[in-house]
Amino acid sequence: AGTSGSTPLKTAEVTNDVVVVLPADGPAPTMPPGVTVRFARDAQPYEGPLAGAVVGLALVDRELALLVGGDMPDASTPVLLEMLRLAAEAPVDAVALQDGDAFRPLPVVVAASAGRSAAHELLHRGERSLRAWLRAMRVAVIDEPTWTALDPHRRTLRDVDTAADLA
(Lines give C-alpha, C1' and ligand atoms only; values in the text may rest on other atoms or scores of the structure.)
Protein backbone atom coordinates (compact mmCIF):
# COMPACT_ATOMS: atom_id res chain seq x y z
CA ALA A 1 0.00 0.00 0.00
CA GLY A 2 1.06 3.59 -0.44
CA THR A 3 1.35 6.58 1.81
CA SER A 4 -0.46 9.57 0.36
CA GLY A 5 -4.04 10.63 -0.09
CA SER A 6 -6.69 8.08 0.71
CA THR A 7 -4.73 5.06 -0.53
CA PRO A 8 -4.46 3.37 2.91
CA LEU A 9 -8.19 3.98 3.38
CA LYS A 10 -9.05 2.46 0.00
CA THR A 11 -6.76 -0.50 0.61
CA ALA A 12 -8.33 -1.00 4.04
CA GLU A 13 -11.68 -1.47 2.27
CA VAL A 14 -10.18 -4.58 0.63
CA THR A 15 -7.98 -6.02 3.39
CA ASN A 16 -7.42 -5.62 7.11
CA ASP A 17 -3.64 -5.99 6.75
CA VAL A 18 -2.13 -2.84 5.25
CA VAL A 19 1.61 -2.27 4.98
CA VAL A 20 2.79 1.23 4.06
CA VAL A 21 6.32 1.39 2.66
CA LEU A 22 8.12 4.61 3.56
CA PRO A 23 11.40 6.15 2.43
CA ALA A 24 14.53 5.15 4.33
CA ASP A 25 14.33 8.27 6.51
CA GLY A 26 11.76 10.83 7.54
CA PRO A 27 8.68 10.76 9.75
CA ALA A 28 5.84 8.32 9.37
CA PRO A 29 2.57 9.92 8.27
CA THR A 30 -0.35 10.26 10.64
CA MET A 31 -3.14 7.86 9.72
CA PRO A 32 -6.82 8.77 10.04
CA PRO A 33 -8.68 7.40 13.07
CA GLY A 34 -9.71 3.79 12.62
CA VAL A 35 -7.07 3.00 9.97
CA THR A 36 -4.54 0.48 11.19
CA VAL A 37 -1.38 0.09 9.16
CA ARG A 38 2.08 -1.35 9.62
CA PHE A 39 5.01 0.72 8.40
CA ALA A 40 8.07 -0.62 6.61
CA ARG A 41 11.04 1.43 5.45
CA ASP A 42 13.20 1.17 2.36
CA ALA A 43 16.56 -0.31 3.35
CA GLN A 44 18.46 2.23 1.23
CA PRO A 45 17.29 5.54 -0.23
CA TYR A 46 16.55 5.83 -3.96
CA GLU A 47 16.67 2.12 -4.75
CA GLY A 48 13.47 2.27 -6.78
CA PRO A 49 9.98 0.81 -6.65
CA LEU A 50 11.02 -2.83 -6.87
CA ALA A 51 13.15 -2.50 -3.73
CA GLY A 52 10.16 -0.90 -2.00
CA ALA A 53 7.96 -3.80 -3.09
CA VAL A 54 10.43 -6.25 -1.53
CA VAL A 55 10.38 -4.35 1.77
CA GLY A 56 6.59 -4.44 1.85
CA LEU A 57 6.34 -8.07 0.75
CA ALA A 58 8.73 -9.07 3.54
CA LEU A 59 5.93 -8.24 6.01
CA VAL A 60 3.20 -10.07 4.10
CA ASP A 61 2.27 -13.44 5.55
CA ARG A 62 -0.69 -14.03 3.26
CA GLU A 63 -0.76 -15.83 -0.06
CA LEU A 64 -1.69 -12.73 -2.06
CA ALA A 65 -0.49 -9.15 -1.79
CA LEU A 66 -2.13 -6.08 -3.32
CA LEU A 67 0.30 -3.30 -4.20
CA VAL A 68 -1.07 0.19 -4.77
CA GLY A 69 1.03 3.31 -5.22
CA GLY A 70 0.85 5.93 -2.51
CA ASP A 71 0.15 8.43 -5.27
CA MET A 72 -2.96 6.53 -6.44
CA PRO A 73 -5.68 7.90 -4.13
CA ASP A 74 -8.72 6.79 -6.13
CA ALA A 75 -8.22 3.05 -6.58
CA SER A 76 -11.66 1.53 -7.08
CA THR A 77 -12.63 -1.04 -4.48
CA PRO A 78 -14.60 -3.13 -7.03
CA VAL A 79 -11.58 -3.17 -9.38
CA LEU A 80 -9.22 -4.20 -6.57
CA LEU A 81 -11.63 -6.94 -5.48
CA GLU A 82 -11.85 -8.22 -9.07
CA MET A 83 -8.04 -8.32 -9.25
CA LEU A 84 -7.91 -10.32 -6.02
CA ARG A 85 -10.66 -12.69 -7.22
CA LEU A 86 -8.80 -13.45 -10.44
CA ALA A 87 -5.49 -13.91 -8.62
CA ALA A 88 -7.11 -16.42 -6.27
CA GLU A 89 -8.70 -18.39 -9.12
CA ALA A 90 -6.19 -18.30 -11.98
CA PRO A 91 -2.87 -20.18 -12.15
CA VAL A 92 -0.82 -16.97 -12.25
CA ASP A 93 1.74 -15.12 -10.15
CA ALA A 94 0.25 -11.67 -10.65
CA VAL A 95 -2.78 -9.75 -11.93
CA ALA A 96 -2.49 -6.34 -13.57
CA LEU A 97 -4.75 -3.95 -15.47
CA GLN A 98 -4.58 -3.32 -19.20
CA ASP A 99 -3.99 0.28 -20.23
CA GLY A 100 -3.88 0.71 -23.99
CA ASP A 101 -1.47 -1.76 -25.56
CA ALA A 102 0.27 -2.67 -22.30
CA PHE A 103 -0.41 -3.36 -18.66
CA ARG A 104 0.13 -0.99 -15.75
CA PRO A 105 2.54 -2.10 -13.02
CA LEU A 106 0.30 -0.63 -10.29
CA PRO A 107 -2.08 -1.52 -8.88
CA VAL A 108 -1.08 -5.18 -9.00
CA VAL A 109 -1.91 -8.32 -7.08
CA VAL A 110 0.97 -10.77 -6.65
CA ALA A 111 1.41 -14.18 -5.15
CA ALA A 112 3.62 -13.08 -2.27
CA SER A 113 6.18 -15.90 -2.38
CA ALA A 114 6.55 -15.78 -6.18
CA GLY A 115 6.77 -12.00 -6.02
CA ARG A 116 9.50 -12.08 -3.38
CA SER A 117 11.50 -14.67 -5.29
CA ALA A 118 11.31 -12.86 -8.65
CA ALA A 119 12.09 -9.50 -7.04
CA HIS A 120 15.16 -10.75 -5.19
CA GLU A 121 16.54 -12.28 -8.39
CA LEU A 122 16.00 -9.07 -10.37
CA LEU A 123 17.43 -6.83 -7.65
CA HIS A 124 20.51 -9.05 -7.50
CA ARG A 125 21.00 -8.35 -11.23
CA GLY A 126 20.56 -4.59 -10.70
CA GLU A 127 17.01 -4.32 -12.08
CA ARG A 128 14.69 -1.85 -10.33
CA SER A 129 11.60 -1.80 -12.56
CA LEU A 130 8.17 -3.06 -11.56
CA ARG A 131 7.42 -3.81 -15.23
CA ALA A 132 10.51 -6.05 -15.46
CA TRP A 133 9.39 -7.73 -12.24
CA LEU A 134 5.98 -8.49 -13.67
CA ARG A 135 7.46 -9.69 -16.98
CA ALA A 136 9.48 -12.22 -14.92
CA MET A 137 6.25 -13.77 -13.61
CA ARG A 138 3.09 -15.30 -15.05
CA VAL A 139 0.71 -12.34 -15.26
CA ALA A 140 -3.00 -12.27 -16.01
CA VAL A 141 -4.09 -8.93 -17.41
CA ILE A 142 -7.66 -7.76 -16.91
CA ASP A 143 -8.76 -6.14 -20.16
CA GLU A 144 -9.93 -2.55 -20.23
CA PRO A 145 -13.60 -3.25 -20.97
CA THR A 146 -13.80 -5.51 -17.92
CA TRP A 147 -12.15 -3.25 -15.36
CA THR A 148 -13.56 0.02 -16.74
CA ALA A 149 -17.06 -1.45 -16.39
CA LEU A 150 -16.26 -1.39 -12.65
CA ASP A 151 -14.53 2.03 -12.85
CA PRO A 152 -15.94 3.95 -15.85
CA HIS A 153 -13.91 7.08 -15.09
CA ARG A 154 -10.65 5.06 -14.89
CA ARG A 155 -9.83 6.64 -11.52
CA THR A 156 -8.04 3.47 -10.40
CA LEU A 157 -5.10 4.48 -12.59
CA ARG A 158 -5.09 8.12 -11.48
CA ASP A 159 -1.57 9.02 -10.44
CA VAL A 160 -0.97 12.16 -8.36
CA ASP A 161 2.59 13.40 -8.82
CA THR A 162 2.08 17.13 -8.38
CA ALA A 163 -0.28 19.51 -6.58
CA ALA A 164 -1.87 20.23 -9.98
CA ASP A 165 -2.66 16.54 -10.40
CA LEU A 166 -4.59 16.63 -7.15
CA ALA A 167 -6.93 19.40 -8.38
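This is a short exchange about a predicted model and the terms used to describe it.

Colleague: What are the ground rules for this model?
Modeller: It is predicted, so local features need pLDDT of at least 70 and side-chain atom pairs count only at pLDDT 80 or more, while totals for chains, interfaces and linings use all residues. Numbering starts from 1 along each chain as its sequence is written, and side-chain values use heavy atoms, with hydrogens and water left out.

Colleague: What makes a stretch a helix or a strand here, and how many are there in the protein?
Modeller: Helices are DSSP runs of H or I with at least four residues; strands are runs of E with at least two; both are numbered from the N terminus. The protein has seven helices and six strands. Their order from the N terminus is α-β-β-α-β-α-β-β-α-α-β-α-α.

Colleague: How do you know whether the radius of gyration agrees with a compact globule?
Modeller: The radius is taken over C-alpha atoms, and the globule rule is 2.2 Å times the number of residues to the power 0.38. For 167 residues that gives a value near 15 Å; the protein has 15 Å, so the two agree. The C-alpha trace spans about 40 × 40 × 30 Å along the principal axes.

Colleague: What share of the contacts comes from residues 24 or more positions apart?
Modeller: A contact means heavy atoms within 4.5 Å. Among contacts with a separation of 6 or more, such residues account for 61%.

Colleague: Why is helix 2 described as largely enclosed?
Modeller: Eight of its nine residues are buried, so the rest of the structure largely encloses helix 2. The buried ones are L50, A51, G52, A53, V54, V55, G56 and L57. Their cover includes strand 1 (18–22), strand 2, strand 3, strand 5, helix 4 (112–124) and helix 5 (130–135).

Colleague: How do you know whether the span of helix 3 agrees with its number of residues?
Modeller: The expected span is 1.5 Å times one less than the number of residues. Helix 3 (residues 77–89) has 13 residues, so it should span 18 Å; its end C-alpha atoms are 18 Å apart, which agrees. Its buried residues are T77, V79, L80, E82, M83, L86 and A87.

Colleague: What makes a phi value or a peptide bond worth a remark?
Modeller: Most residues other than glycine have a negative phi, and most peptide bonds are trans. Y46 is not a glycine, yet its phi is positive, about 60 degrees. R154 is not a glycine either, and its phi is positive at about 55 degrees. The bond from L106 to P107 is cis, with omega near -5 degrees. P107 is found in strand 5 (residues 102–111).

Colleague: Why are Y46 and R154 put in their accessibility classes?
Modeller: Y46 has a relative accessible area of 83%, so it is exposed. It sits in the loop between strand 2 (37–41) and helix 2. R154 has 30% relative accessibility, so it counts as partly exposed. R154 lies in the loop between helix 6 (144–150) and helix 7 (163–166).

Note on methods:
Buried means under 20% relative accessible area, exposed over 50%, partly exposed in between (1.4 Å probe, protein chains only).
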